[in-house]
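Please look through the sequence and the model shown here, with an eye to the charged side chains and how they pair.

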Amino acid sequence: QVQVVESGGGLVQAGGSLRLSCVGSGRPCSSFAMGWFRQAPGKEREFVAAVNWSGRETNYAESVKGRFSISRDSAENTVYLQMNSLKPEDTAVYYCAASVYGPSSTVQTGDPRGFDYWGQGTQVTVSS
C-alpha cells in the first residue's frame, strides 16, 4: 500500500510561480514512476507531467512544456512540480499519483490508468 499527499497549492497571480510537493509513504517512492494530473471544474482529469523511478526520464503535457518542471528527491520520498509563468487556465485541482504496477510506458503515455495510487489533490488558483 502506498499513500501520497500533495501540498503547496494556493492562489497566485498570472505570471507567478508555485511549487507543489508530493510526499509518499508505505513504500519508497524511488522504486516507481510518479505523475501529476489536474482537473479543472467541468473538465476531465488531464495529464500534466511524469517522472520515472530514477528521475532521468520525464514527460510533460504540451500545455505546460517550458513552464513546469517535475523532479524527485528519493531521500525525502518526495516528488515536486515547479510551476512557473502560471496562467489562469492552469487553475485546477492538482493530483499526485504513483505508478506502482503500471507498465514501463506509463511515463511517456501519461495514461492515468497506469497510476495506481492517488492523493486527495491540492487547489491551484491563478488570477488574471
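## Basis of the model

This is a predicted model, in which local features need pLDDT of at least 70 and side-chain atom pairs count only at pLDDT 80 or more, whereas totals for chains, interfaces and linings use all residues. Residues are numbered from 1 along each chain as its sequence is written, and side-chain values use heavy atoms, with hydrogens and water left out.

## Counting the pairs

Side chains of opposite charge can pair when their charged atoms come close. A salt bridge is taken here as a side-chain nitrogen of Lys or Arg within 4 Å of a carboxyl oxygen of Asp or Glu, and by this rule the count comes to five.

## Arginine 38 and its partners

Arginine 38 forms a salt bridge with aspartate 90, their closest N and O atoms being 2.9 Å apart. Because arginine 38 lies in strand β4 (residues 33-39) and aspartate 90 in the loop between β8 (78-83) and β9 (92-99), the pair ties together parts that are 52 residues apart in sequence; strands are DSSP runs (E, at least two residues), numbered from the N terminus.

Arginine 38 also forms a salt bridge with glutamate 46, with 2.6 Å between the closest N and O atoms. Buried means under 20% relative accessible area, exposed over 50%, and partly exposed in between (1.4 Å probe, protein chains only). Arginine 38 is buried at 5%, and aspartate 90 is buried at 1%, while glutamate 46 is partly exposed at 35%.

Lysine 65 forms a salt bridge with glutamate 62, the closest N and O atoms lying 2.8 Å apart; lysine 65 is partly exposed at 44%, and glutamate 62 is exposed at 64%. Elsewhere, salt bridges that share partners join Arg38, Glu46, Arg67 and Asp90 into one network.

Note on methods. Helices (H or I, at least four residues) and strands (E, at least two) are DSSP runs, numbered from the N terminus.
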